[in-house]
Amino acid sequence: MKSKASAPGKVILFGEHFVVYGVKAILCSINKRVTVTAEKTSERKISINSQIGNLILEPNKLISEINSPLKPFYYLANKAIKNQDTGIEIKINSEIPLGAGLGSSSACCVAGAAAIFRLFEDVSKEKILELAIEAERTIFENTSGADCTVCTYGGIIEYGKKQGFKKIEDEPNFQLVIANSNIEHSTESMVSGVKTFVIKNKEEFSKLLNQESKLVEDVLKLLKENNPEELGEKINQNQKYLETIGISNNQLKKMIEIGQKTSFGAKITGSGGGGCIFALTNESNVEQSLKEFKDKNFECFSAEIDFKGLNTF
Ligand code: MEV
C-alpha cells in the first residue's frame, strides 16, 4: 500500500524573525510543491530517497545521533512504525529550491507527516501540522511554527506564536517575483545571530518590535483594498527593519535594489543571510522585473499564491 501527499513552499510577506519574539507574521504559500510517497515494506528498515541523497537506517536510533538533513523524515517514520511490524520506504520529490528560505523543509515535514501517518490511519490536518512541527524541531529547535502552518493550510495566513493562525480570506491580485542569491544559509544560525543583536540592543529591538507590529496591523487592513503600491511601501519598510537586525548582506542588497526599482516593493523572505528575496508585482510589471533580474544574472522565477495547502492522494 502506498500513500502520497504534497505540500507547497512559502514566502514570508511580513514578520520573519520578529515572529520568534511574539509579533504576528503574514505568510503565503506558493505554487511550488514537495511531493512525498511512503510505502510499507516487509523489511524492518527506514529508507529515504531524495534529490539530495539517501538514508537507510534501522528503526529506534537516537535522533541526536543522526547527522542528515533527512532526519525529520526518519523521526516521522520511526514514530509511525513504533508499534507496527513493518518498515517504510519514502521518496521525496521537490520543485522548491532547497535551503533558500522558501519553506522546502517545512513542506517536507508537512507532506512527510501526511504521507507516512496516513499509511496507518486517517489523520486530521491539525494532527499532521503537530507532527510536522515536531519533525521540524529535529533540525531547528526554536521554530516559531509559522512555516509548517502555512504549508499545511495554504493561501495567506496571519500567524502569531500565542494567537496561532488565522486564514486571510482576501485574494489580492498579485504575483511574486522570487530571486535566489544561491548563498547557502542556516535558519538556525540566522535566528541565533538575531538573538545576539537582541541581547546587545534591547531598547532598539523593543522599538522595532512595536514598529513591526504596527506595520503588520496596517497590512492586514491594506490586504482588503488590493492596493499593490501601498503594500509595496510596507514591504520596503519591513526590509529596512530586517536590515537593522543584521540579516542582509551586499548580494541581497543588490537584489533588493533591482526588486524595488522594478516592482511595487521588495524584501528578503525567510531567515536571510542568503536564500531568496521577493518582489511584489502584478501583470503590469512582472515581466520587466523578471527581465531585470535575468539581465543581471540572478536566478529568478514568478510565483502565484497556492490556495490549496496540503494535498493527499
Ligand atoms: C524562517 O523561515 C522564519 C523565521 O522567522 C524563523 C521562524 O519563524 O521559525 C526566521
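When I say buried, I mean under 20% relative accessible area, with exposed being over 50% and partly exposed in between, using a 1.4 Å probe and protein chains only.

Okay, some housekeeping. This is a predicted model, where local features need pLDDT of at least 70 and side-chain atom pairs count only at pLDDT 80 or more, while totals for chains, interfaces and linings use all residues. Numbering runs from 1 along each chain as its sequence is written, and side-chain values use heavy atoms, with hydrogens and water left out.

Let's start with helix 8, residues 250-262. Its 13 residues reach 19 Å from first C-alpha to last, close to the expected 18 Å; that expectation is 1.5 Å times one less than the number of residues. Which residues of helix 8 are buried? They're L252, M255, I256, I258, G259 and T262. Looking down the axis of helix 8, these buried residues fall within an arc of 160°, so they line one face of the helix. That arc is taken from the directions from the helix axis to the C-beta atoms. Turned away from the buried side, you find exposed N250, E257 and K261.

And what do the buried residues of helix 8 pack against? Strand 8 (175-180), helix 7 (228-244), strand 9 (265-268), strand 10 (276-281) and helix 9 (286-295). A contact, by the way, means heavy atoms within 4.5 Å. At the start of helix 8, a side-chain oxygen of N249 comes to within 3.3 Å of the backbone nitrogen of Q251. That's a polar contact: a pair of N or O atoms within 3.5 Å, where within protein one must be able to donate a hydrogen and the other to accept it, and residues adjacent in sequence count only if both atoms are side-chain atoms.

Next, H17. You'll find H17 in the loop between strand 1 and strand 2 (25-41), and H17 is buried, with a relative accessible area of 5%. Leaving aside residues up to four places away in sequence, H17 touches M190, V191, V194, I245, I247, G270 and S271. The H17 side chain also reaches the backbone oxygen of S271 at 2.9 Å.

M190 sits in helix 5 and counts as buried at 16% relative accessibility. M190 and S271 are 81 residues apart along the chain, yet their C-alpha atoms are separated by 6.0 Å.

Over in helix 4 there's T149, which is buried at 2% relative accessibility. The T149 side chain reaches the backbone oxygen of G145 at 2.7 Å. Not counting residues up to four places away in sequence, T149 touches L129, I157, Y159 and F165.

On a 1 Å grid over the protein atoms alone, a pocket is an open set of points with protein on both sides within 12 Å along at least five of seven lines, and lining residues have an atom within 4 Å of a point. Grid points are joined across faces, edges and corners, and volume is the space filled by probe spheres set on the points. The largest pocket holds about 1100 Å³. Its lining has 50 residues, with G99, S104, S105, I139 and T187 nearest the centre. Helix 2 gives the largest share of that lining, 5 residues.

Conventions:
Helix = DSSP H or I, 4+ residues; strand = E, 2+ residues; numbered from the N terminus. 1 Å grid on protein atoms, 1.4 Å probe; cavity = no way out; pocket = protein on both sides within 12 Å on 5 of 7 lines; lining within 4 Å.
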